[in-house]
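The exercises below are meant for a reader who meets this structure here. Work through each task with the sequence and the structure in view before reading its solution.

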Amino acid sequence: MASLVEVKNLVRKFGDNTAVADISFTIEEGEVFSLLGPNGAGKTTTISMLSCLLEPTAGDASVGGFSVTSQPLQVKNVIGVVPQEIALYDDLTALENLMFWGRMYGMGGAALKQRVSEVLEQVGLADRAKERVKTYSGGMKRRINIGVGLLHRPRLLFMDEPTVGIDPQSRRNILDSVKELNRQGMTVLYTTHYMEEAEELSTRVGIIDHGKLIALGTQRELTKLVGEMDTLRLHLNDGDDVASLADGLRSLPEVIQATTLDHQIALIVPDAQEALPPALSKSMDLGYKVRSVDIEEPNLEAVFLHLTGRALRD
Amino acid sequence: MSKLFIIGFKDLRVMFRDRAALILMLAAPFVLTLGLGLVTGGFNQSTGAVSNIPVVVVNNDDGMLGQSLANLFASAELNDLFDVTREPDAAAARRLVDEGTTAAAVLIPAGFTGSIIPDSQTGQSGDLVRVEVYRDPGRPVSSGVAQAVVESFISQVETGRIGGQIAVEQLLASGAILPADIPQVVQTMSHGPAGQADRDIIQVRNTATDAAGPNEIDPMAFLAPGMAMLFLMYTVSLGGRSILDERREGTLARMLSTPTRGSQVLTGKTFGIYFVGVAQMMILIVASSLLFRLDWGDPLAVFVLVLSIVAGAAGWGLLLAAVAKTPSQVSSVGMAMALLFGLIGGSFFGGTITGPLGTLSKITPNSWGQDGFAMLARGDSLVDLLPVIAALWIMCFVLVGVAVAIFNRKGMLQR
């Protein structure tokens, strides 16, 4: 059976800048497929091309069997889009927003009213449906933003960093919603730069950086890329020259890789227990005092670190 | 429902929820009209402080009603209200109105009395003749007062006639006249104009559109449409801004991610600008008719003219959105455009600008609109307005065409 999404050598350039560089992947029906990468990696550009908002510079993709370059209207009937920004009308109520967007998807009459009620229940805002969106909290707006994407019961839902800038409770609510939608059979393409979200939600993960898909697979398949390596995270004090210390730590035979992020140094090491004493000793020798240490088992962050030499939030 | 209307009505709803926009769209034109009206004296007439209205009366009727009507205008009761001139010649009286010397001419034709009161010898009324009120539409309030006095007079005459009819019935009931006389009496009472509406005895005419001399225009007649169009230009710039706002806020992209073509979204947004503009103009026109007692002319022609003016203005709003890079740029340029167009389009002072500036003013909907409203105020018909309407729609299509080309070149609505 053909994949729901087939991306073939997709390229998008903005002038001399290549935002997406020849990426290919597939998404199967029923999957939650995550594109994981830092800001500016090309995630939103990829989703924009797949949702027919941007024309690819080269390559093509099919969604539900329709080409994004030659059959955009058919593709748009298959997909629902939850954009990164909250794309709602602040001066309209949640109910009016949903009715408007439902009509834009070709819905109407009693069926639309019924569906709007269902979606309001689903996102937990039925009791505040007649209030203007501008009176909502950020998390509530996010939930309506997602609700709009669900109105026409799309086969495939694109969610572009839907948890950016919201409180932990709303974030939890959104992640649970994604899992519930997937349990009900909806296929989801989810972009994020939060490794934990990709780990929690995804059937498969594509790691994207500088417009290139640098790794693709299940979490287990990806963590195998870094072998059985541990991550040793050293927390330093404000004002410490972490770059200088990272250079010093790279000279240790127990350290495979050392990267910096804010006041932290992440060390990829074969055995965290074994590498910790010499790492602390070296730090003291160089005049640095380590405030605390985290030991992490292999995860997607470590995979990204391993593949790019940078942390996800660099 | 078509996507165009869905988007257009959404914009209308969003715009009318914005209090700041409402103040600028609806309250500001009223305040400015009020302020400028006070400064120019345009409200002296409409606030009840009407006095010394120049009226010329021509009485060619040798009967008692004609004399009574003529005397009414010169009566002590109306002495402060009217400055009456007697003139024997109807053509000369009309000319005085055409030249703007007087606000209205009351023309009482020969045989007026005889057409209403049956002859005492024959019991027959003469053929229907009408009192004519020849008005200067540039002075709607003053000439309207003169017309109202004539209507009131005719109404009283009619009341007297009906009273007479009732009196005959009472005489019959009391035996004062015999039943055999009833057909004769009824024929006498019903002959002539009896039973016709008062208005049938009065003919109201406005001055000819090609009046020779420049009229003294009532300031309200150009201030109200001028201010309405000035702020219409601001409204269409707000509409244009909404396109860039939607692009910035992501709702434009979201619309394009639904099964909707870019051209549909752009047309829908244009409909939105249009709906808001038409709503604004119609609200201002209806409200000024009620509050300022301003007679805008034939309602159908006014409506068609409004549709055309807003079309021309919407074209400018769309072009502004197409060339601007940011919403704030649209706001600042839009405000400048509204003021500039108002200035050269005659919104502040009425009349027609001549010379190069006059030619330049023809790029503004204000100028064409001002001409159109002036024509309607002079009593012109929808047919007379056709050149103005055509010019405004041509302006709309040209500007929208250019805007679409720019939008396409920018790739804003490519899918």
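**Exercise 1.** Which residue in β4(A) does Lys8(A) stand opposite?

*Solution.* Keep in mind that this is a predicted model. Begin with the strands themselves: β1(A) pairs with strand β4 of chain A, residues 58–63, in the antiparallel sense, and the pairing runs over five bridges. Within β4(A), the residue opposite Lys8(A) is Asp60(A).

**Exercise 2.** Describe how β1(A) and β2(A) are joined and paired.

*Solution.* Strand β1 covers residues 5–14 of chain A and strand β2 covers residues 17–27, and the two pair in the antiparallel sense over seven bridges. They form a hairpin with two residues between them, and in the turn Gly15(A) has a positive phi of about 65°. To place one pair, take Lys13(A), whose bridge partner in β2(A) is Thr18(A).

**Exercise 3.** Characterise the interface of chain B and chain A.

*Solution.* Start with the extent: 23 residues of chain B are in contact with 33 residues of chain A, and the area buried between the chains is about 2,600 Å², of which carbon and sulfur atoms give 60%. Next come the polar links, where 10 residue pairs are found in polar contact across the interface. One salt bridge is counted between the chains, in which the side chains of Arg17(B) and Glu96(A) meet at 2.7 Å, N to O. Finally, ask which elements of chain B touch chain A: α1 (3–17), α10 (219–249) and α11 (251–257) each supply at least two residues, while α1(B) gives the most, with seven. By class, this side of chain B has eight nonpolar, six polar and nine charged residues.

Definitions and conventions. Residues are numbered from 1 along each chain as its sequence is written. Chains are lettered from A and ligands numbered from 1 in the order in which they are written. This is a predicted model: local features need pLDDT of at least 70, side-chain atom pairs count only at pLDDT 80 or more; totals for chains, interfaces and linings use all residues. Side-chain values use heavy atoms; hydrogens and water are left out. Contact means heavy atoms within 4.5 Å. Buried area is the accessible area (1.4 Å probe) that two parts lose on being put together, summed over both. A salt bridge is a side-chain nitrogen of Lys or Arg within 4 Å of a carboxyl oxygen of Asp or Glu. A polar contact is a pair of N or O atoms within 3.5 Å; within protein, one must be able to donate a hydrogen and the other to accept it, and residues adjacent in sequence count only if both atoms are side-chain atoms. Helices (H or I, at least four residues) and strands (E, at least two) are DSSP runs, numbered from the N terminus. Ala, Val, Leu, Ile, Met, Phe, Trp, Tyr, Cys and Pro count as nonpolar, Asp, Glu, Lys and Arg as charged, and the others, Gly among them, as polar. Two strands pair if DSSP finds at least two bridges between them.
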